[in-house]
Amino acid sequence: MIEVSAIQGLLVYLGLMGLGLGAAVAWDAWRARRQEWQVSNERLVRCTRCSCAFIAERTRRETDCPRCGARLSVGGRGGRSGYQEQT
Ligand SMILES: [Zn+2]
């Protein structure tokens, strides 16, 4: 009798450990993604045509202005950024 309850206790303990670990992993992934979104992977772009400021992903080289649809180059440091006429 006491063996069964010990095994059940162990199983419950392992289950809780697994749940805790899963929650920790999910939390860490969520936090990392959120941090990435806030800090590293985006960039403020100002449209040179309509002066609309918006956020674009840094990984993209070009993006479209959400207001007027102008094609803008996101550009890195020292890069040429600005409005390019699209044919
Ligand atoms: Zn614009």
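Student: How many helices and strands does the protein chain have?
Tutor: The protein chain has 1 helix and 4 strands. Keep in mind that this is a predicted model. Reading along the sequence, you get the pattern α-β-β-β-β.

Student: What makes β1 and β2 a pair?
Tutor: Two strands pair if there are at least two bridges between them. Strand β1, residues 42-46, and strand β2, residues 53-57, have 5 bridges, so they count as paired. The sense is antiparallel.

Student: Which residues stand opposite each other there?
Tutor: Leu-44 stands opposite Ile-55 in β2. For Glu-42, the bridge partner in β2 is Glu-57.

Student: Why is Ser-51 called exposed?
Tutor: Just check the count against the cut-off. Ser-51 has 10, so it goes down as exposed. You'll find Ser-51 in the loop between β1 and β2.

Student: And what makes Arg-49 partly exposed?
Tutor: Arg-49 has 15 other C-beta atoms within 10 Å. Exposed needs 12 or fewer and buried needs 20 or more, so with 15 Arg-49 lands in between and is called partly exposed. Arg-49 also has its place in the loop between β1 and β2.

Student: What is the C-alpha separation of Arg-49 and Ala-70?
Tutor: Their C-alpha atoms are separated by 7.4 Å, and the two residues are 21 residues apart along the chain.

Student: Zooming out, how much of the protein chain counts as buried?
Tutor: Of its 87 residues, 5% count as buried. To be in that group, a residue needs 20 or more other C-beta atoms within 10 Å of its own.

Student: And what share of the contacts joins residues 24 or more positions apart?
Tutor: Among contacts with a separation of 6 or more, such residues account for 12% in the protein chain.

Methods
Residues are numbered from 1 along each chain as its sequence is written. This is a predicted model: local features need pLDDT of at least 70, side-chain atom pairs count only at pLDDT 80 or more; totals for chains, interfaces and linings use all residues. Helices (H or I, at least four residues) and strands (E, at least two) are DSSP runs, numbered from the N terminus. Two residues are in contact if their C-beta atoms, placed from the backbone, lie within 7 Å.
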